[in-house]
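Here is a short briefing to read alongside the coordinates. Please have the structure open while you go through the points below.

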There are 2 protein chains.
Amino acid sequence: MARRRQAVTIKHVAADAGVSLQTVSRVINKEPNVRPEMKAKVQASIDKLGYVPSIAAQRMSGSRSYLILALNDRDRTIADWKERQGADWVDQMLLGGMLKCAEHGYRLIFELVDTHSDHIERELTAAIAALQPDGVILTPPHSDNPLITGVLEKQDIPFARISPGVPGRGIAITMNDDGAAEMATDYLADLGHSRIGFIAGPDEYSVSGWRTDGWEKAMATRGLDTAGLFHKGDFSFESGREGAEALLNGPNRATAIIASNDQMALATLEVAREKGLAIPADLSLISFDNTPIVKFTHPQLTAVDQPIAQVAAKAVDLIIAAHRDGEVPDAPVVVPADLVERASTAPPR
Amino acid sequence: MARRRQAVTIKHVAADAGVSLQTVSRVINKEPNVRPEMKAKVQASIDKLGYVPSIAAQRMSGSRSYLILALNDRDRTIADWKERQGADWVDQMLLGGMLKCAEHGYRLIFELVDTHSDHIERELTAAIAALQPDGVILTPPHSDNPLITGVLEKQDIPFARISPGVPGRGIAITMNDDGAAEMATDYLADLGHSRIGFIAGPDEYSVSGWRTDGWEKAMATRGLDTAGLFHKGDFSFESGREGAEALLNGPNRATAIIASNDQMALATLEVAREKGLAIPADLSLISFDNTPIVKFTHPQLTAVDQPIAQVAAKAVDLIIAAHRDGEVPDAPVVVPADLVERASTAPPR
DNA sequence: CTGAAAGCGCTAACAT
DNA sequence: ATGTTAGCGCTTTCAG
């Protein structure tokens, strides 16, 4: 393959504008100490020649690569893709992250890493060495993986932790999961439900605990009993079935259920149908993911909508700011979730 | 932000192994003319120090950036993401493309470009200048955009065209769309249908024409009349409704319909329900996308499954080969689609 | 405010 | 089979 050189480099621009390389560089990087007329002249040449800096060269000398790495859970993502059930989380991250990156002249590079792997540090170090990203976005469960955050801290790379479970360095961004669970519980209680069941996610994801907390708090505030209304699942369809079976068993069964993700909500739907329970007449159901499929169930599911795109965009903004002037918000940034009302909720019989 | 240097460079490895930089470079690049013992010594140092080459530096001197650009239709992808209906095509491309890239030590960079934009050449040139990718994957409708292929040809960058409509340079990869449409039509005819309708996609996507061709050929082969059985849509739900209305009108209505994508299939489902037609008893339906949602309709849809992941993987393989030794397959590479039988097809009444 | 020089990490071309 | 030299395109010193 032919050795490919940059078509138009900073040299061409400098020659065309009749200035030194430095001046061009200063204009590109929006540095001060350039007279407006110089700047205009250089900019004219840049536009004329269609010059675009090579990020490889920029990375070589300077400190910016204009690359942001988004790390997602490998097994989970691949499994979702392979089953062709979509990966809404990934889509929304790309939507929010890529577009925001583009605004800043950055690129988002999407990477999969295995959180359970014993060579996770090696994998991550390799990705960083190869790409030299200006920042990293961590999604659950990576947000709380000390092996990952450790590498990032040591290398002094700005990183955002989405829905982190424990305090720590890095930019924390949450979606107010406990508040959202509380809101969903309140919504059901306001409809008249008192037997509101909750199917939780696994401890590995810290959002699981928060969502549970929100439900518990709302129930406690209203003085509602939670006995026999809680089941811990693992986000899988099968565990959702088990949860639904447990909560819909006996005379004192739940009349409403909040499932911590879409798969477990779908499973609950299936179990309810098997038991001859009509939704929403006999059972109200709220999903904790507003993924595409909850609009294709019968009835369509009322769901907590997580603003993943906005979170990703926020993460990009904050990472770029952190990379530029080292400013990191001291408190977690909150991008609150919303409740989307559809047809799976109604007052109890 | 602190200026971040490579933690461990080729120099460290060379010093540690007691050889020259070049020898290390040769080992990294698997070049010949290195004695096994040297190679082993160098490799030991690489492993010991955890050395990983900087792709920025590799790009600066050599001809490889280890980056492959995947170009998708901007408006369409963003629209799908925003409606949270998923973007199965994108997911599958990432699945196949990323994993295959990883095997080769490459990275896939996902980009959105607007095919209708008048500054598309500028956009693309900028992306290429910034990233210097070793190859580009073009998806419809970009595969046939002469502005895009022109830039790539001129810059001598290997590129794959997925489902290209017209011959041209670059690596062509098809999914045998006409064969798949023929297969779907035959499947329905074998069930006993003779009034098999077809809702086509827009001309902008060349697959639309091929799928239509396949249907027409199958119908002709069996001597079946196609009058009143064809409608051209634009892949949108609304156009699918129009198509279904047209094909299900009158006494001589279609008893089976093939929709060229999932949205139009869903629309057909809705129209059928409105008309009181049971599926599959009164109407058989085949979707031309096996996206997640077709498994959540009632009944689940029989669908043509397009092997997008395999196509993307194949594209990566071929691009890397082309970049390495300039070898480009002279005939289009075919990765055939399959028919997934579900519950939306049955013999006519 | 602007320019000249040095060097980032790596590989191609040319020695040896 | 191995080492040496000269850049790639850009930014960071450091001089003017």
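Searching the whole structure, which is a predicted model, turns up twelve aromatic pairs over all chains.

**Aromatic pair B:Trp81 and B:Phe110**
- The rings of B:Trp81 and B:Phe110 form a tilted pair, with 6.1 Å from centre to centre and 45 degrees between the planes.
- This pair links distant parts of the chain, 29 residues apart: B:Trp81 sits in helix α5 (residues 74-82) of chain B, and B:Phe110 in strand β2 (residues 107-113) of chain B.
- B:Trp81 is buried, since its relative accessible area is 1%, under the 20% limit.
- B:Phe110 is buried as well, at a relative accessible area of 7%.

**Aromatic pair B:Phe198 and B:Phe230**
- The ring centres of B:Phe198 and B:Phe230 are 6.5 Å apart, and because their planes are at 5 degrees, the pair is stacked; the cut-off for stacked is under 30 degrees.
- B:Phe198 belongs to strand β6 (residues 196-200) of chain B and B:Phe230 to strand β7 (residues 230-232) of chain B, so the pair ties together parts 32 residues apart in sequence.
- B:Phe198 counts as buried, with 0% relative accessibility.
- B:Phe230, in turn, is partly exposed, because its relative accessible area is 36%, and this class lies between 20% and 50%.

**An aromatic cluster in chain A**
- In chain A, one aromatic cluster is formed by A:Phe198, A:Trp215 and A:Phe230.

**How the two copies relate**
- Chain A is superposed on chain B by a rotation of 180 degrees with 0.0 Å of shift along the axis, at an RMSD of 0.1 Å.
- The two copies are therefore related as by a two-fold rotation axis.
- A:Ala56 has the C-alpha nearest the axis in chain A, 2.1 Å from it.
- Both copies use the same surface, as 100% of the contact residues of chain A recur in chain B.

**Domains of chain A**
- Chain A is divided into domain 1 (10-59), domain 2 (67-175 + 308-335) and domain 3 (177-305).
- Taken over C-alpha atoms, the centres of domain 1 and domain 3 of chain A are separated by 58 Å.

**A closer look at A:Asp213**
- A:Asp213 is placed in helix α10 (residues 206-221) of chain A.
- With 41% relative accessibility, A:Asp213 counts as partly exposed.
- Its C-alpha atom is 34 Å from that of A:Gly326, and A:Asp213 and A:Gly326 are 113 residues apart along the chain.

Key:
Residues numbered from 1 in each chain as written. Chains lettered and ligands numbered in written order. Predicted model: local features only at pLDDT ≥ 70, side-chain atom pairs only at ≥ 80, totals over all residues. Heavy atoms only, no water. Least-squares fit on C-alpha atoms with pLDDT ≥ 70 in both. Contact = heavy atoms within 4.5 Å. Helix = DSSP H or I, 4+ residues; strand = E, 2+ residues; numbered from the N terminus. Buried < 20%, exposed > 50% of the residue type's maximum accessible area, 1.4 Å probe, protein only. Domains from an automatic or database assignment. Phe/Tyr/Trp six-rings, centres within 6.5 Å; stacked < 30°, edge-to-face > 60°.
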